[in-house]
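Please look over the model shown here together with the notes that follow.

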Amino acid sequence: MYFGNIYPYFTEEEIRTALIRQIKQYNLNYVMPAFEEAWQSKFWREKGYDGATFIQDKTHPSVDAFLHDWGYRIYGGNKYDDYVFYKLQKILKDKAKRNYIGVRLGGFFLRMKNKYIQKKPGTSTENLIRLYEILKKIKI
């Protein structure tokens with residue numbers, strides 16, 4: 001199966017391989033439980049996946065944007081999703097602080113839409129909260 005509109009010429013397995021390669025290259029093994037949960041949800045098939053929505057992303061596809069899209073599209077997103085995105089961006093890329101500010105400000109409107117219009121719960125999964133707690137302890 002091909003991976004949605006953003007990658008019409010890549011299979012799901014090719015995208016998965018690229019994301020896991022990034023996790024391994026940066027020694028981010030602690031990301032795997034949340035990544036596997038997100039991957040198993042197959043959220044992009046129904047909800048779509050567009051990576052870093054408002055910013056240019058030189059490393060597309062990227063695990064930070066993948067996890068962030070999963071959180072917002074499945075349960076509505078929250079501060080945990082935004083912080084995981086920010087901290088992984090600090091590890092993987094540049095301009096993380098600028099992107100985090102944009103995600104928090106722009107995300108506010110998405111969270112309100114998700115909560116009040118789409119009635120999503122806004123509650124992260126245990127795997128994502130564990131990843132958030134691990135990333136909070138990492139100094140970069």
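1. Of the 33 residues in the largest nonpolar core, those that touch the most other members are Val 31, Phe 35, Val 63, Phe 66, Leu 67 and Leu 88; such a core is a set of buried Ala, Val, Leu, Ile, Met, Phe, Trp, Tyr and Cys residues joined through side-chain atoms within 4.5 Å. Buried here means under 20% relative accessible area, exposed over 50%, and partly exposed in between, with a 1.4 Å probe and protein chains only.

2. This is a predicted model, in which local features need pLDDT of at least 70 and side-chain atom pairs count only at pLDDT 80 or more, while totals for chains, interfaces and linings use all residues. Residues are numbered from 1 along each chain as its sequence is written, and side-chain values use heavy atoms, with hydrogens and water left out.

3. Two or more residues of this core come from each of helix H1 (12-25), helix H2 (32-41), helix H3 (43-47), helix H4 (63-74), H5, H6 and helix H7 (126-137), and H5 gives the most, with 6 residues. Helices (H or I, at least four residues) are DSSP runs, numbered from the N terminus.

4. Phe 35, leaving aside its neighbours within four places in sequence, is in contact with Arg 16, Leu 19, Ile 20, Ile 23, Val 63, Phe 66 and Leu 67, where contact means heavy atoms within 4.5 Å.

5. Helix H5 (residues 79-92) packs with helix H6 (residues 96-117) at an angle of about 160°, their axes being 9 Å apart. That makes H5 roughly antiparallel to H6, a term for angles over 145 degrees. Among the residues making the contact are Tyr 83, Phe 85 and Tyr 86 of H5 and Tyr 100, Val 103 and Arg 104 of H6.

6. Gln 22 lies in helix H1 and is buried, with a relative accessible area of 9%. Neighbours within four places in sequence aside, Gln 22 is in contact with Thr 59, Pro 61, Ser 62, Val 63 and Leu 92.

Methods: Axes are lines fitted to C-alpha atoms, for helices over the stretch in contact, and angles run from 0 to 180 degrees between N-to-C directions. Angles under 35 degrees count as roughly parallel, over 145 as roughly antiparallel, 65 to 115 as roughly perpendicular and the rest as oblique.
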